[in-house]
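Reader: I would like a close look at one kind of residue in this model, and then at its surroundings. Please keep the wording plain and give the cut-offs.

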Amino acid sequence: MTDTQTPEERRELARRAVLAAGGVAVAAVGVGGAFAASASASDREGEPEDGCYTLTSELVEGPYYIDADKLRRDVTEDQEGIPLALRLKVIDAETCRPVRNAAVDIWHCNATGVYSGYEEMGSGGGGGGPTGPPPSGTPTGTPTGSPPPGGGGGHQEPTDDERYLRGTWRTDRHGYVGFRSVFPGWYQGRCVHIHVKVHVDGTWTDAGYEGGHTCHTGQLFFDEKSVLASAAVEPYASNTTTRTTLDEDTIYPGNGHAGGLLYLEYDHRHIARGVHAHLTLGVAPDETNDG
């Protein structure tokens with residue numbers, strides 16, 4: 001700009017400068033890829049502006065939890081599947097303040113419904129119907145032995161040393177924690193889900209997270225549209241197990257995001273490129289909820 005330019009000319013130059021700056025920003029997004037751009041949109045979608053949430057539903061731990069076995073954010077290992085970027089925020093549901101330095105566990109089955117550490121159980125062991133001919137006559141005696149594992153059953157001892165799709169990491173000073181994984185598959189009797197625990201009041205050491213207590217045990221769920229889209233992609237398409245929908249699931253509480261339903265962002269024509277998922281967990285830090 002010069003002193004000889006008219007006010008109209010100066011305004012036009014300023015407008016061009018703003019447009020040019022915007023063009024540079026758009027080009028940078030293009031270089032970074034659509035997946036990164038989607039993450040930003042997902043982080044804003046549907047979230048209350050004040051960031052305050054009601055208490056998130058407490059749900060069963062399930063039979064396949066292994067305590068803080070892997071301290072890591074990328075839990076994928078060699079598992080095939082749709083890339084999943086999971087971002088959680090942990091807040092005190094009463095004060096709405098972030099819960100810092102909490103240990104967050106996630107674990108889930110792979111694309112074909114198998115849990116690491118329990119591969120001998122096959123596809124999840126979600127509790128299907130009986131096999132073989134039906135019994136006849138009147139039952140006699142008292143059943144013995146352990147009940148079969150199910151979606152809400154008691155803890156099962158691991159059958160192997162595999163630990164894929166499991167991990168623990170700490171929340172930052174804003175209450176955030178992120179994981180890299182793959183979109184979960186399904187097994188008989190359960191809808192698609194991820195298990196989650198939040199531990200507080202412990203100590204982070206070189207060996208891991210010690211002490212404290214579990215203030216939240218829950219599950220994270222995926223809407224039906226995203227699951228149907230994933231079912232068309234390999235290796236999910238090879239999973240022949242009958243799928244339980246979100247509405248049919250007996251553990252999902254049916255209360256939307258307060259019950260663990262994730263916010264999702266992905267290319268609806270090409271879900272195989274990756275999914276961003278996020279949710280805020282409202283917890284009661286002073287309580288114990290170990291599932």
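What does Cys 191 count as, buried or exposed, and at what relative accessibility?

Author: Cys 191 counts as buried, at 3% relative accessibility. Buried stands for under 20% relative accessible area, exposed for over 50%, and partly exposed for what lies in between (1.4 Å probe, protein chains only). The model is predicted, so local features need pLDDT of at least 70 and side-chain atom pairs count only at pLDDT 80 or more, while totals for chains, interfaces and linings use all residues. Residues are numbered from 1 along each chain as its sequence is written, and side-chain values use heavy atoms, with hydrogens and water left out.

Cys 109 is buried at 1% relative accessibility. Cys 96, in contrast, is partly exposed, with a relative accessible area of 25%. The structure holds zero disulfides, a disulfide being a pair of cysteine sulfur atoms within 2.5 Å.

Cys 96 has another feature: a positive phi of about 70°, although it is not a glycine. Most residues other than glycine have a negative phi, and most peptide bonds are trans. Cys 96 sits in the loop between E1 and E2. Glu 77 also has a positive phi, of about 55°, and is not a glycine; it lies in the loop between H2 and E1. Glu 77 is partly exposed at 42% relative accessible area. As for the peptide bonds, a cis bond joins Glu 234 and Pro 235, with omega of about 5°. Pro 235 belongs to the loop between helix H3 (224–230) and strand E7 (263–265).

These labels come from a fold with three helices and eight strands. Helices (H or I, at least four residues) and strands (E, at least two) are DSSP runs numbered from the N terminus. In order from the N terminus, the elements run α-α-β-β-β-β-β-β-α-β-β. Of the 291 residues, 44% are buried. Among contacts (heavy atoms within 4.5 Å) between residues at least 6 apart in sequence, 81% join residues at least 24 apart.

A nonpolar core is a set of buried Ala, Val, Leu, Ile, Met, Phe, Trp, Tyr and Cys residues joined through side-chain atoms within 4.5 Å. The largest has 42 residues, of which Leu 86, Leu 88, Leu 220 and Phe 222 touch the most other members. E1, E2, strand E4 (176–182), strand E5 (193–205), strand E6 (208–221), E7 and strand E8 (275–283) each give it at least two residues. Apart from this core lies another, of eight residues, including Cys 109, Tyr 65, Trp 107 and Tyr 118.

The search of the whole structure finds eight aromatic pairs. The rings of Tyr 64 and Tyr 118 are tilted, because their centres are 4.7 Å apart and their planes meet at 55°. Rings of Phe, Tyr and Trp (its six-membered ring) pair if their centres lie within 6.5 Å; planes under 30 degrees apart are stacked, over 60 edge-to-face, and the rest tilted. This pair links distant parts of the chain, 54 residues apart: Tyr 64 is in the loop between helix H2 (34–44) and strand E1 (83–92), and Tyr 118 in the loop between strand E2 (103–107) and strand E3 (166–170). Tyr 64 is buried at 3%, and Tyr 118 is buried at 1%.

Arg 87 is over the face of Tyr 176, at 3.9 Å from the ring centre, and Lys 197 is over the face of Tyr 65, at 5.0 Å. The test asks for NZ of Lys or CZ of Arg within 6 Å of the ring centre and within 35 degrees of the ring normal.

Ser 116 is also in the loop between E2 and E3 and is buried at 1% relative accessibility. Among the residues that Ser 116 touches are Ile 66, Asp 160 and Tyr 164.

Terms used:
Lists of a residue's contacts leave out its neighbours within four places in sequence.
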